[in-house]
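This briefing sets out the overall build of a protein chain and the arrangement of one of its sheets.

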Amino acid sequence: MLNKIGSRFRVGVDSGGTFTDICIFDEEKSEVFVWKVSSTPADPSEGIVNGITQGLRAMPEPGHPDKVAYFGHGTTVGTNALIQGRGAECGLITTDGFRDVLEIGRQKRPELYSLQSVKPPILATRDRRLEVRERVLFDGTVATPLHEDDVRTAVRKLKEQGVTAIAICTLFSFVEPHHEKRIRDIVLEEIPGAFLSVSHEIAPEFREYERMSTTVVNAYLGPIMRQYLDRLSPRLEEAGISAEPRLTQSNGGVISCETARNQPVRTVLSGPAAGVTAALEVGRTTGIDNLITFDMGGTSSDVSLIDRGRPQMANDIEVHGYPLKVPMLDIHTVGAGGGSIASVDNGLLKVGPRSAGAAPGPVCYGLGNEEPTVTDANVVLGVLNQTHLLNGRMPIDAEASRRAIKRLADQLGIEPIEAAQGIIRVVTANMAKAIRVISVERGYDPRDYTMLAFGGAGPIHACRLAKELEIPKVLIPKHPGIMCAIGLLQADLRTNISLTRMTPLSLEALSTIEAGFSQLRERADAWFNLEAIPREARTLRLAIDMRYGGQAYELTVEWPEGLHGKKLIDSLRSNFEDAHKQLYGYIAAEEPVQVTTLRVEAIGHVPKADPKRSGPAAGKAEDAIVGTRSVYLPELGRFTDCPLYQREHLGPDHTISGPAIIEQMDSTTLLLPGQKASVDHYLNLLIEWQS
């Protein structure tokens, strides 16, 4: 937890599909420096190390890699392997009679009325799902002892098939894990070095299908994550960086490399989670507690909701068709990014989810792509710089974008400008739908929130998206294109521990509930000690899952501190009913409430890069104007000469009226007619409609 003697820099790196973002915090000067390089999809570790070394050299006072004290890292390695089907060949050992749970699932079609609905591939095929005789009952008693000969036969069969990643998931192991532990020991005896994913360690909760799916996904991703980290660590050492990487997990915290090697399923929303962590810090410094985060990168857009300063969490979520029962920030992702490809499908314009990524990238990059993207549309419309990106480090070919958009327009039988603006309209509609999922469908009105837009492409599209949803204010942080990397320097060490306890919410059950929390506190203390977290840096948050009797799904409610007996029970019921009314619109006061799962979130606080408050601006906002650019604005129905502002020259209390373009190294902001942007003392842009 402590920095190395003589160390100076804390580094956050977000490795995305198109760009790798670097944030360097100089602890001596309390200054933040940001950098951005193209990603290297074939080997992300190459782009990461190149980005760090380039960023250190480019600092006003160049830094040296051996001065790096902390290295936080957000990665899409696990996510991409899951999406692209590049995981390991894996097997499953389970209770006799239950190997097909993985395929039967909940007997629900992904889309009820679609005749073309396609389920995702099964990650452990039937011939690699093997059964062993054993049975533990719901209360932990053993009905059938484990037949160890069955286990050895199953393991040897998997070994013959070349399987080295094995998931172990037996009935009610979350209550009594002895059989799973013994199966694990036998597997390691038969296949030393095998990657093992054991359900009572990965997802120790009830619901066998979701628990099995999570365990299998973890096995599927395990060898891929290990290979990646095995490449990353030597590269860092060769570059002179000795700080151990900390990886972001999907709940917004960070974990050690060793934990990520063993539980890669925790990292499937690694990068987007870091963005939400950074958004929480922006909300804290600006005093805005209600935020809708909009993170638009090169490949996708990620949205989430922060209510009263707390991010929305999900204890089970579906990622690319696979149910995962691990605590995550409630982030909704759509295939709408700067690199999303526009095409014609049965005479209609379609945008995404296919993406040009970093290689070959949009047509304007000149790397061989011929299909127009969202970025190319913004080039043709004049929103983006016509000659370069990244402050001149990345030249672009605007004419190539125009030719690509014209080819698309000819297929549609419309003018190129109409085609380019059509791409923007379609992608805006896709993103608006995603925001409605995490707001309106959860019982929240987006008009009560401020949109916090970031990612390389977020500020370009934020104002139109906010207009579509009637969101009154848009907040653009100082470094929007590097927000996820910044979030890595704001993230604490964090783990979530749970325990299933089926019991009525009553005074009589209170001792059972409190005993369960005592067990969870002991496990949390063990984790704190393992991570060497000082006692003064430890925090525990307790929560409890509840539902009305007969319901199939639960709501998570915070455990009220300082209450006891009947007051505690009444408070829990009241808080549950408030959450139920928020989501479903009603309360069933006559129905009994049932407790299902106890939860503890253990947080190890780490030193953070505190934002600096800027003093008064030296000049006027007009001094930041560096030229004009002709931009097509559908609001006016024509091209309009818009003032071009350099973001670095804007200071506190400066105000800009739209239409205008604000450029910076890591992003571009489009200000619409009728809007105004003001700069606060943390150099955020607050955009509102002029009255």
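The points below cover the basis of the model, the whole chain and an open sheet.

The model is predicted: local features need pLDDT of at least 70, side-chain atom pairs count only at pLDDT 80 or more, and totals for chains, interfaces and linings use all residues. Residues are numbered from 1 along each chain as its sequence is written, and side-chain values use heavy atoms, with hydrogens and water left out.

**Whole chain**
- The protein chain comprises 16 helices and 37 strands, taken as DSSP runs (helices H or I, at least four residues; strands E, at least two) numbered from the N terminus.
- Its radius of gyration is 26 Å, close to the 26 Å from the globule rule for 691 residues, so the protein chain is as compact as a globular protein of that length; the radius is taken over C-alpha atoms, and the rule is 2.2 Å times the number of residues to the power 0.38.
- The C-alpha trace spans about 80 × 60 × 60 Å along its principal axes.
- Of the 691 residues, 57% count as buried (under 20% relative accessible area, 1.4 Å probe, protein chains only).

**Open sheet**
- An open sheet of 4 strands has the order S6-S5-S9-S10 with parallel pairing, where two strands pair if DSSP finds at least two bridges between them.
- Strands S6 (129-132) and S10 (195-198) stand at the edges with a single partner strand each, so one side of each lacks a neighbour in the sheet.
- From one strand to the next, the twist averages 20°.
- Parallel strands S5 (residues 90-95) and S9 (residues 165-169) are joined by 5 bridges; Leu92 has Ala167 in S9 as its bridge partner.

**Helix on the sheet**
- Helix H5 (residues 178-190) packs on the sheet and touches S5, S6, S9 and S10, contact meaning heavy atoms within 4.5 Å.
- The direction of H5 makes about 160° with that of S9; axes are lines fitted to C-alpha atoms, for helices over the stretch in contact, and angles run from 0 to 180 degrees between N-to-C directions.

How values were computed. Buried means under 20% relative accessible area, exposed over 50%, partly exposed in between (1.4 Å probe, protein chains only).
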